[in-house]
Amino acid sequence: VEASIPEPQREAWKKFTPKPFTSPDEFSKEAVRHIETTLARSLFNCDETAAYSGTALAFRDRLVLDWNKTQQNQTFADQKRVYYLSLEFLMGRALDNAMLNVGQKETARQGLADIGFRIEDVIQQEHDAALGNGGLGRLAACFLDSMASLNYPAWGYGLRYRYGIFKQEIVDGYQVEVPDYWLDFNPWEFPRHDITVDIQFYGHVNRFQDDTGKTITQWEGGEIVQAVAYDVPVPGYDTPTCNNLRLWGSKAASGEFDFQKFNSGEYESSVADQQRAETISAVLYPNDNLDRGKELRLKQQYFWCAASLYDIVRRFKKTKRAWADFSSQVAIQLNDTHPTLAIVELQRILVDQEGLEWDEAWNIVQNTFGYTNHTVLPEALEKWSVPLMQHLLPRHLQIIYEINLFFLQYVERNFPKDREMLGRVSIIEESQPKMVRMAHIAIVGSHKVNGVAELHSDLIKTTIFKDFVKIYGPDKFTNVTNGITPRRWLHQANPKLSELIASKLGGHGFLKDLTGLHKLESFVDDKDFRKEWSEIKYANKVRLAKLIKDANGVTVNPAALFDIQVKRIHEYKRQQLNIFGVIHRYLAIKEMSPEERKKLAPRVSIFGGKAAPGYWMAKTVIHLINQVGKVVNNDKDVGDLLKVIFLEDYNVSKAEIICPASDISEHISTAGTEASGTSNMKFVLNGGLIIGTCDGANIEITREIGENNIFLFGNLAEDVDELRHAHLYGEYTLDSGLNKVFEAIRGGMFGDANAFSALVNGIVDHGDYYLVSDDFASYCQTHDLIDEAYKNQEEWLTKCITSVARMGFFSSDRCIDEYAEMIWNVEPLVPKENGA
Ligand code: 8GP
């Protein structure tokens, strides 16, 4: 406030404040100025990359104004804010989104054309911000978009990884991981070298009595690493609200490097501290739905939680309010258990540093936090070894034990007859070594726990968190079904469809209230509308066919049925079921008569997704898909009837091309394993149908769009245990169709059979944990139904249009409003006019 411009000079200042571009010329002028001055390029030396940089810088100048204003307004408004803590923000590209959200893409298109560039080519120069693995990270990015678009005062907090998720290359059919260094030129981040926090690790705890006899606990010694803030603007759609995503980078606390060592000639070791500190934020762990318990990962978690908490507390303290007001000013949402240490850290700050009584502090903590669970897979539930925690965070371990003590006393009082329960719900698992169960801290330290789709939220209540429902009652547990932002996943990814819809609904209002799509149903019989719709789908398939041709060198027929499965490769997601189905189809085609072949709709089976580098089985699946592709795509006898494509390096920007181009997409997890899924929503919103199991959000999608518009198959979640049991006791027979597929693989049809033996044996001999055999027949029959249905193009089209019209529920705006009301208790802050 001391630095503000005096009242009399403010008019002069405002005269010079940059304004939004009112014409293509104004945009071009700024872009060219940046290219020539900021980037030192000339008109003889300006390629598409430079054009991208100039465009991004010109837009960023505009965003910054809204961003500053929003932050000012939020500070002055003095109302409750939301902090979304996520180790992953899978943002993808920013430029296109920024242009669309501020409503200036057409201005830029014209301006770029005037200086000799096509906007589509320019947009493609941007490197994806790939700070996430998959669904959980992309959900966080959609939520940021919705929070800004709905004017919620909200910040994201994450880590600024120097390397995002690795780039995937396919070499001889195998996945190879290549580092993703994405920070060469990143106009979207603002380093805040003045905003730093010292973060402590290791050391010991010192306890003593002060003069008044009060016990003081201090965490002393150890080492300090510095957190530096990097801010990223998050523009809302059709609103001046621009929120902030703060990412922390790590750096040695003791300045550049150790000068004493340097001066005494030990140059190399003098930079070692620096490097060790920087390692903390160096790389995103590439596991999806798997916990590996590495020390550096725990360091990342504490580093990020402590820096974020310090920042949040500092902001609160500026308001000069009493601590009792904290949870009415601050809501913190934990995206999975990764930020659970924030609970312990806030308790430590309140008790050790601010001198609050334990109970008072704990009350504040519980009222502040909410926890979202994203998986029931046991291998993904985070646990940290007690010795590791003791070594790295000695004071936090004490606090964890104390939290546990009070919690278990409470349980004991209320369930005196159930001694076993104590062991089950304890935060400490009595194993060798003992482990800290992070989900238990997250539940005990939050006021609400939510799952991400109805089935999933029910499952956590009846399985992994069952005891906690008894302890706290059912109201602590709730559901917020996931959603996606229609700005990126319809308007940006499928501009022509967005325009067509807008032309019928009288504008783009549906992008802010997606339920408005329901009015499309009244156009379902409109001939011209249907024709335009089909043409758009075809054009989107041509666009994907071009990507496939460029990347894989394979020509695919855009008139064929495009059948797509893109997501992380995981046994529970069952890409193996899909590729076995493809082999089954290939074998069937080989046996068909020419007449039968004529009747079959040509297909392109498209796969994409990364396998965690240490996940051998997932890598085997990728290898098999590529081997099958090699055989099928070169089989002249099959021709266009079947093509099998593995698209390398699936990421957000590729998803924007892939999702609008499907006829069918596959969401075929073993029932009860996929918490929600979000690409299922993206595909349907873009006019594709889905084949899926009764799992995750597929169930709610079915309820919304109607069961005639979705191809469901397979066993239900409630039957899974029994089926698994039957496998273990040999009370089942391998599906005969699947057996033929295995014979083909074993016979070497797709190369060395040994390469795939683990995959096959896992099903035949080792219990078929994901029930591939049990679902295989119904999967194949359902694909036959799809072939039949696709022949009737008119009916197919009706299903697609009807489905899109009924997808309004799956906007992430709806999710955010639900979180705001049920969990955060925050209100939107209506933005003030620019210049206010
Ligand atoms: C995913 C779930 O698997 C998916 O069903 C859900 O749609 C998505 O979260 C968003 O809720 N879970 C993860 O991505 C996940 O657990 N990632 C690991 C990095 C922890």
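Guide: The protein chain splits into domain 1 (17-481) and domain 2 (488-720 + 736-741 + 775-810). Keep in mind that this is a predicted model.

Visitor: How far apart do the C-alpha centres of domain 1 and domain 2 lie?

Guide: They lie 33 Å apart. The contact takes 43 residues from domain 1 and 36 residues from domain 2.

Visitor: Which elements give two or more residues to the domain 1 side of that contact?

Guide: The list is β2 (89-92), α4 (95-101), α7 (135-149), β5 (167-171), β6 (174-178) and α19 (454-462). α7 gives the most, with five residues.

Visitor: Now the ligand. Where does it lie relative to domain 1 and domain 2?

Guide: Between them, because both domain 1 and domain 2 give residues to the shell around the ligand.

Visitor: Which residues come nearest?

Guide: G135, L136, H374, A675 and S676, out of 19 residues around the ligand. By class, the shell has five nonpolar, eleven polar and three charged residues.

Visitor: Switching to sheets. What is the strand order in the six-strand one?

Guide: The order is β21-β20-β19-β22-β23-β24. The sheet is open and the pairing is parallel.

Visitor: Which strands stand at the edges?

Guide: β21 (642-647) and β24 (711-712). Each has a single partner strand, so one side of each is left without a neighbour in the sheet.

Visitor: Let's zoom in on β22. How does β22 pair with β19?

Guide: Strand β19 (residues 561-566) and strand β22 (residues 664-667) run parallel, over two bridges. I564 has S665 in β22 as its bridge partner.

Visitor: And how many bridges join β22 to β23?

Guide: Four, again with strand β23 (residues 689-692) running parallel to β22. Across that pairing, I664 stands opposite L689.

Visitor: Which way do the β22 residues point?

Guide: I664 and E666 point one way, S665 and H667 the other. All of them are buried. In a regular strand the side chains alternate between the two faces of the sheet.

Visitor: There's a three-strand sheet too. Is the pairing parallel or antiparallel?

Guide: Antiparallel, in an open sheet ordered β14-β16-β15. β14 (383-385) and β15 (428-429) stand at the edges with a single partner strand each, so one side of each has no neighbour in the sheet.

Visitor: What joins β14 to β16?

Guide: Three bridges, with strand β16 (residues 435-437) running antiparallel to β14. The bridge partner of S385 in β16 is M435.

Visitor: Now backbone checks. Which peptide bond is cis?

Guide: The one from Q432 to P433, with omega near 0 degrees. P433 sits in the loop between β15 and β16.

Visitor: Then what about N151?

Guide: N151 is not a glycine, yet has a positive phi of about 65 degrees. Its place is the loop between α7 and β4 (154-159).

Visitor: Is N151 buried or exposed?

Guide: Buried, because 20 other C-beta atoms lie within 10 Å of N151.

Visitor: And R574, what is its phi?

Guide: R574 also has a positive phi of about 65 degrees without being a glycine. R574 lies in the loop between β19 and α24 (575-591). R574 counts as buried because 27 other C-beta atoms lie within 10 Å.

Visitor: Last one: F776. Where is F776 found?

Guide: In helix α33 (residues 772-791). F776 has 24 C-beta neighbours inside 10 Å, so F776 counts as buried.

Visitor: What does F776 touch?

Guide: Leaving out residues up to four places away in sequence, F776 touches L577, F580, D735, G737 and L738.

Visitor: And how far is the C-alpha atom of F776 from that of I443?

Guide: They are separated by 38 Å, and the two residues are 333 residues apart along the chain.

Methods
Residues numbered from 1 in each chain as written. Predicted model: local features only at pLDDT ≥ 70, side-chain atom pairs only at ≥ 80, totals over all residues. Domains from an automatic or database assignment. Contact = placed C-beta atoms within 7 Å. Pairing = 2+ DSSP bridges. Near = placed C-beta within 6 Å. Nonpolar A, V, L, I, M, F, W, Y, C, P; charged D, E, K, R; others polar. Buried ≥ 20, exposed ≤ 12 C-beta atoms within 10 Å, placed from the backbone.
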